[in-house]
Structures are given as structure tokens and as C-alpha cells.
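Keep the sequence and the structure side by side.

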Amino acid sequence: MPHGSVIPAIILIFSLFILQLCIASVASAGGGGNGINVWPKPRIMSWTTQPRANLLSPSFAISSPKHFYLSSAANRYLKLIKTEHHQPLVTPSLINITTSSSSALHTLFITVESLLTPLQHGVNETYTLSIPADASIANLTAHTVWGAMRGLETFSQLVWGKPNLLVASGLYVWDSPLFAHRGLMVDTSRNYYGVDDILRTIKTMSFNKMNVFHWHITDSHSFPLVLPSEPDLAAKGSYGHDMQYSPDDVKKIVEFGLTHGVRVLPEIDSPGHTGSWAEAYPEIVTCANKFWWPAESNWTNRLASEPGTGHLNPLNPKTYKILKNVINDIVNLFPEAFYHAGADEIIPGCWKADSTIQSFLSNGGTLSQLLEKFVGSTLPYIVFFNRTVVYWEDVLLDDNVNVRPSFLPKEHTILQTWNNGPNNTKRIVDAGYRAIVSSSEFYYLDCGHGDFLGNDSQYDQLQPSSSANNGGSWCGPFKTWQTIYDYDITYGLSEEEAKMVIGGEVALWSEQADPKVLDVRLWPRTSAMAETLWSGNRDEETGIKRYAQATDRLNEWRYRMVSRGVGAEPIQPLWCLRNPGMCNTAH
């Protein structure tokens, strides 16, 4: 069982045993066959009677324990349930609808075992939901507040109808995520996103039972985060005063995340990707504000892998003075126990452009020693604040500039993979590190939209180049929802190795994305990953991948997200959903 499972296997076995004893007539639910759809698909969802739906009482209420975040969630879901009036595109079939007020559901009663457990990595998100066929009270039971929130989302998707609301009844759900880390990364440096865009994204993540918003805040292009100890970084390094995040903005985003069961994981990438720091402190940044690929030089002599140059100088003591102020502010602004320190794409040419580094290298030093000096000076400082440090895989796996494992204590380090698919995941876990999977071949949402370089001749030909055919971007083609859904992030790993994979993240780099296209780039493709990390992409009994069955379900879920204010793109013509099976490759 993958590392993210939050209850022992024995409890799952016991639950199945109880189901066999107690459920007289069980039919599969939530699979789309009868029109009852929950996304992500719950681990166990079964009818205790013949499939039916009862009225939801006009006075329906949610009874919740008093807890700041859970009470807020209960009120939010109560309003959603009563006002959404979702009308399925395909009317639920084989459902016995009971319109008698005597069988209406009046109350959802929430029980939580531990109200004190904080939102953190590995928190128990298990819940059970029981909606009796002939009782006025349904029961939602969870180990933690955060599991209760997941159950509330499931319950909300079991309600539909207009003008009268119906709720699926005679239903039992046991649910728990396969992976503890189910994330989305958004880059706010290359293009700026307003606070409301981030809040809408977090809210949609909660609809999909995702729990980590990885905020890639800064990069060479801009430094939009206002830090109390280093205000000049944003004042001089952002795109302008109207494109900055204040401490109050951060507090609002973090609190909104907690209210929705989503952790906000900050990334301050360094020592690479730091050109924007040079606007305030040019003396600590090498090769800043230079053309990224010098004329008449080969690729190995570039200064950056894309326009936007600059690396922090590990030999300048002032680098660490500034960086420690940044780290201090980040740990004060973000309660999250993970600190993403980046460390990707160290470009040799950028460091070699600096005279002090040239002297260091001429005296026998190496670029890897420079990176080791940087990591050895910063990682212990981050760990001092009781943070686990997340790095991109490059810090260990890069062919040219990397650190020895002794500089990356395994108990304090997680590596995020983005290259070479399952191969690099295996390299990471074989080295003894926990892994977050963001393989660009499957999980990069920005791919396939062309390149953003000007005067690019590859498109000016009758027979497009292989790159142009591949979507014109280094990581093309476009990652379809099916590509994302079918990816197994523990492929090729043993059971023990798979435990080292804590989960995955889709990523939206923003060279060609901004608020106008944010929702379309993210949804519903991110929903595809959300389900695979929650309950898998295979039928638990047969082991067969369920992408075919998922098509109609994701279609329905996309329309429901749109009705909730999410600008998700369509995955098929509406005709396909209205004519089941007619858009398949074969019956």
C-alpha cells in the first residue's frame, strides 16, 4: 500500500468484512453506471439497498462539532448544497426516487475523533459516510477535521435536482487517500496572478480533494513577495506595486487554505533562478540581466535555459545574510512544515561569468563544490526552524552540478522529480530519499502551447520541425487528461520503494499562462491527477485501468465544476455524454 495511505491495511480488511456482513444487497455506486457520480471516485461506495434517492428537506442542516475551520467548512457546504441545484447531464438511471416528505433527509451529523490534529503532511483524511434509506439523519465520521472536510465534499456531490433537491440514499462510503501529498504547483513569477485567482484555485483543489498548493513565488523574472526584512526585493524586483503579495495577502491565502483543507507550500528558488534579486542586490547575483544565450556560443555555454538570467553567488558572504533574512520571513509568514528551496537548473555558464568564481575554479574548485557550499550553508538554517526541505531533483541528480548525499540528510530532505519519468523517481528512492513526482512528460500542464521565444525560425518551413510537431515546446506535446490519468507514479518500484513516494504534483509554469487562462490550463486535467492520487486509476478488484469509465464521469464533473464558477475546459462535445459509448474508439 503506498506511503500516503493513512490507516493500516487491517482496518481496510475489517471494513470489507463488516460490509459483507451488514450489506444485504450491494451494487456498485459512484462509477457512472447509474448516473451517481463522485469525483475523485471513493475507495468504497456501495448501496445498502436498491439504488434510491430521497428528498433533501428544505430545513436540511449540518450538525458539526465546534471547530474554527470545520465549522466554516460546514457552513460553506450547507450553502453550496442548498443553492447549487446541480442537474446531471445524464439523468441518474436505475434510481428509485422517493418524494415523500416522511423519508426526507433532515440532518447530516458529523463526528470527529480528534479536533486537535493540525493540517500537516500525513494527516489522517479517512472518513465514512452513511446515508440511510429510511432515516432522517445521515452520519459522517472522520478521524480528523480534514477528513471530515473530504466527506463533506463527497456528500455535496451526492445531492442534485431542481427545484426539489434529491440525495442518494441507502448508501455507504468508506474513503481514504492512497497518497498523502496531492498537489498543484503554480508559478507566480513569470506572470502575476491576483490573490482572488489563487483563492479560486485553492477552492477548486478542495473540490477535488487535493491538499497542497505549491506556490512557486519567485524566479529570475520577478520577485512579487513583500518581505518585512527585505522589502527592496519586491519593491525593485517585482513587476510593480500592483503585482506584489503583501504579508496580509499571504495571511489571507494561508488561512483560506486551512479553511479548505489545503496546505500552502512556499518555494523560494535558489541559488539558480534568482535574476530578480539583482534589482535590489546586484552584488550577490552572477550573470544578471544578460542575454540568456550569447551569440555564436553553443548550448553548453548558455547563461540560462530560457530568457531570464541570474544565480546567487555562493562565495559572497552577503548572499547568506540576505538569504537568511528571506528564510526568516518565509517561516514566519507560512506555518507549513515543508520549505521548498528549489536548487534546480544550475547553469555552469552563469557562475563561470563571475570573476570571483573564475578564481575559485582556477584554484582547483568545482561547480559542485560551490553548490555544496550553498546547500551546506542554507539547509541547516532552514532545518533549524523545524522545516523539512524540498528540493528539485537536480540537486542530487544533475549530470554536471550536484551535491553529495552527505549534504542532504534524508530525514530532513524530500526530492521532487521532473525529468525522465519513472527512471528518476526510482533513482531518488534508491538513494533513500522521499519523492514527490512531477514528471514533465506527464504532469507539466504548460507543455504543448508553442515556445515563447521570438524570431524562432523552426515554424517557417513547409514541413514543420519535429519540435513544432511536438507542440513547439521542449516538453511537448500537450498533456491530455488521459495522459495524466493513466500515469502510475510508482511504476517500476517495489512495494517498499513505493512507500518512499509521498505523492505527486501537476505543475503550471507561467511563461504562457496568466489569470486569463489559469482555469483552462488547470481544469479538468488536474482533476485527473487528483483522482489517481486519491483512489488510483485502476479497478481495485480487477486491477484494470478505468480511464474508459472515467471519461463520462470526468465530463459530468467538469460541467459541475463550471457551475461552481470554475472555467474548466471541455473534454468532449456535449453530444458524447448525451449518447453514451458513441464517442469511444470501440464498443
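Which cysteine does a disulfide join to cysteine 287? The partner is cysteine 350, with an S to S distance of 2.0 Å. A disulfide here is a pair of cysteine sulfur atoms within 2.5 Å.

Before going on, note that this is a predicted model: local features need pLDDT of at least 70, side-chain atom pairs count only at pLDDT 80 or more, and totals for chains, interfaces and linings use all residues. Residues are numbered from 1 along each chain as its sequence is written, and side-chain values use heavy atoms, with hydrogens and water left out.

Return to the first pair. The torsion about the S-S bond of cysteine 287 and cysteine 350 is about -95°, so this disulfide is left-handed. Cysteine 287 sits in the loop between strand S11 (285–286) and strand S12 (311–312), and cysteine 350 sits in helix H8 (residues 348–352), so the bond ties together parts 63 residues apart in sequence. Helices (H or I, at least four residues) and strands (E, at least two) are DSSP runs, numbered from the N terminus. Both cysteine 287 and cysteine 350 are buried. Buried means under 20% relative accessible area, exposed over 50%, and partly exposed in between (1.4 Å probe, protein chains only).

The structure holds three disulfides. Another joins cysteine 447 to cysteine 475, at 1.9 Å from S to S. Its S-S torsion is about -105°, so this disulfide is left-handed. Cysteine 447 lies in the loop between helix H13 (440–443) and helix H14 (466–469), and cysteine 475 in the loop between H14 and helix H15 (481–486), so the pair ties together parts 28 residues apart in sequence. Cysteine 447 counts as buried because its relative accessibility is 0%. Cysteine 475 counts as buried at 5%.

The remaining pair is cysteine 576 and cysteine 583, 2.0 Å from S to S. With a torsion of about -80°, this disulfide is left-handed. Cysteine 576 is buried, at 5% relative accessibility. Cysteine 583 is partly exposed, at 31%. Counting bonded cysteines along the chain, the pattern is 1-2, 3-4, 5-6.

Now turn to the nonpolar interior. In soluble globular proteins, nonpolar side chains tend to be buried together. A nonpolar core is a set of buried Ala, Val, Leu, Ile, Met, Phe, Trp, Tyr and Cys residues joined through side-chain atoms within 4.5 Å. The largest such core has 146 residues, and Phe155, Trp215, Trp277, Tyr391 and Val395 touch the most other members. A second, separate core has eight residues, among them Met185, Trp392, Cys475 and Trp509.

What does tryptophan 277 contact, leaving aside neighbours within four places in sequence? The list is Phe223, Leu233, Ile268, Ile284, Val285, Leu312, Ile322, Leu323 and Val326. Contact means heavy atoms within 4.5 Å.

The structure holds three cavities of 30 Å³ or more. On a 1 Å grid over the protein atoms alone, a cavity is a set of points where a 1.4 Å probe fits but cannot get out; lining residues have an atom within 4 Å of a point. The second largest cavity holds about 70 Å³. Its lining includes Ile268, Leu323 and Tyr391. Helix H10 (367–384) is one of the elements that each supply at least two lining residues. H10 gives the largest share, four residues.

Note on methods. On a 1 Å grid over the protein atoms alone, a cavity is a set of points where a 1.4 Å probe fits but cannot get out, and a pocket is an open set with protein on both sides within 12 Å along at least five of seven lines; lining residues have an atom within 4 Å of a point. Grid points are joined across faces, edges and corners, and a volume is the space filled by probe spheres set on the points.
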